[in-house]
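Hello,

Here is the structure we talked about. Please look it over, then read my notes below.

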Amino acid sequence: MRKTHNQQLPLAEAAPDHPKAKELEKISDILDENTIIYDLVLQDIGSLTQKSDAKSGACGMTAEQVIRAASVKQIEGCSYRELEFRLVDSRAYGLFCRIPFGKHFKKSTLQKKIKAISEVTWEEINRVLIGYAQDAGIEKGRKVRVDCTVVETNIHAPYDSELLFDSVRVLARLLDDAKTRLPGIMFSFHNHRRAAKRRNLEITNAKNNAARQKPYRKLIELTEKTIGYAEKGVHSLQNYVGSSIIEQALASGICKQLQEYLPIVRQVACQTKRRIFAGESVPALEKIVSIFEPHTDIIRKDRRDTYYGHKICLTGGASNLILDCVVLDGNPADTTLTGSMLDRQNDIYGRYPLQASFDGGFTSQTNLKEAKDNGVKDVCFSKGRGLKEEDMCRSRYVYKGLRNFRAGIESGISWLKRSLGLARCTWKGYEGFKSYVWASIVSANLLTIARQQLA
């Protein structure tokens, strides 16, 4: 007989019979078989635990819960707010993360714990998974493919006017915060944010470069005035004596932020003068494209597209696992990366691969000779550029097979960007960027191994 409601809901339920739930269950088994992963995570989050030796008080997230929640976040591509809701609302995710019935973790807790995992730890976790895949017969590392891509940082288009406006806005906000919240602080300050916004709009709506000169000069003047206010503010904050510990800590925090932003803002003003007024072409290595993510590199790809982020080099295997990843500084030529990526495979497996396939940008006679000397029998560059197929591989048939094999990493990179969030990093700072990249790769590898074992 149909009822209006159940008298009592069960306290514990099994995972739902769904393909996605089965994938999560298999990932859970993989993590449980490699408990060293939990030990690695605990080393990073252990310092965040408050009252770890206390006999009373609320228990924080365990290392097991942190790595599982991080995997869910990357697989689902959700924000911390959405992750908080999914862990509470979803029975499958709640069971996967092993969150007790009635327990709830706030988004701030999730963010603090997940961001505490360093990029070194993520890389070690990936190597543990690669070793597990080798023991399970999923990936032997005998046949690899290498390619590069760009992961963008979370910034807006780096126009000079926008950078100058951001500089005035941020410095003015910090100075206004100091004046408002610290009684007795002494320094002169005028907020030019609204005037800077108007100049920025004038530059955006100007019809030609000549019409932009005047508002640019005014915007530079407002920026330099704000820099002067900030320098005086730093001096006052350094000598400020608060009436309480809270005020003293606040003054120290604002002073630290101003000292971090000031050299970046000065460089933004300098590069704008050189480009707009002196007509110089500022080298990419000397440019700042974001005051919030100053580590961002300018990556020009194939003389067509320009990206703002960091170039990464990936090594994939025959099983579609990402065996290795390197986040690069600047935009080095692909030809300089061939030897180092093969050397890293030697570090991982204790031997060089038998076959290696590279994109055409890696091609050079020196790279071919070095790879052959290290025991790589077949080396395929997708574009020969003067190299004969017979010199690279044992036969033309083998060369064509490796060339087709290399194309598979393009689909892997596309999947990482579309489904695992590798298109754009949403974590702040250079260290956060590297951790984000590795978090996406580890989550992808966990999912790949699970699907291989379920197939």
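Is Ser236 buried or exposed? Ser236 is buried: its relative accessible area is 14%, under the 20% cut-off. Keep in mind that this is a predicted model. Ser236 sits in helix 10 (residues 209-238). Leaving aside neighbours within four places in sequence, Ser236 touches Ile185, Met186 and Phe187.

Next, a helix pair. Helix 7 (residues 119-135) and helix 12 (residues 338-349) have axes that come within 11 Å and cross at roughly 65 degrees. The two helices are therefore roughly perpendicular to each other. The crossing is right-handed. On the helix 7 side, the contact is made by Glu123, Arg127, Ile130 and Gln134; on the helix 12 side, by Arg344, Asp347, Ile348 and Tyr349. By class, that contact has three nonpolar, one polar and four charged residues.

A salt bridge also joins Glu123 and Arg344, with the closest N and O atoms 2.9 Å apart. Glu123 is in helix 7 and Arg344 in helix 12, so the bridge ties together parts 221 residues apart in sequence. Glu123 counts as buried at 17% relative accessibility; Arg344 counts as partly exposed at 21%.

In total, the structure holds 29 salt bridges. One of them pairs Arg98 with Glu64 at 2.4 Å, N to O. Arg98 is in the loop between helix 5 (91-96) and helix 6 (107-115), while Glu64 is in helix 3 (residues 63-76), 34 residues apart. Asp32, Glu64, Arg68 and Arg98 are linked in a salt-bridge network.

Best wishes

Key. Residues are numbered from 1 along each chain as its sequence is written. This is a predicted model: local features need pLDDT of at least 70, side-chain atom pairs count only at pLDDT 80 or more; totals for chains, interfaces and linings use all residues. Side-chain values use heavy atoms; hydrogens and water are left out. Axes are lines fitted to C-alpha atoms, for helices over the stretch in contact, and angles run from 0 to 180 degrees between N-to-C directions. Helices (H or I, at least four residues) and strands (E, at least two) are DSSP runs, numbered from the N terminus. Angles under 35 degrees count as roughly parallel, over 145 as roughly antiparallel, 65 to 115 as roughly perpendicular and the rest as oblique. A crossing is left-handed if the near helix is turned anticlockwise from the far one by less than a right angle, and right-handed if clockwise. Contact means heavy atoms within 4.5 Å. Ala, Val, Leu, Ile, Met, Phe, Trp, Tyr, Cys and Pro count as nonpolar, Asp, Glu, Lys and Arg as charged, and the others, Gly among them, as polar. Buried means under 20% relative accessible area, exposed over 50%, partly exposed in between (1.4 Å probe, protein chains only). A salt bridge is a side-chain nitrogen of Lys or Arg within 4 Å of a carboxyl oxygen of Asp or Glu.
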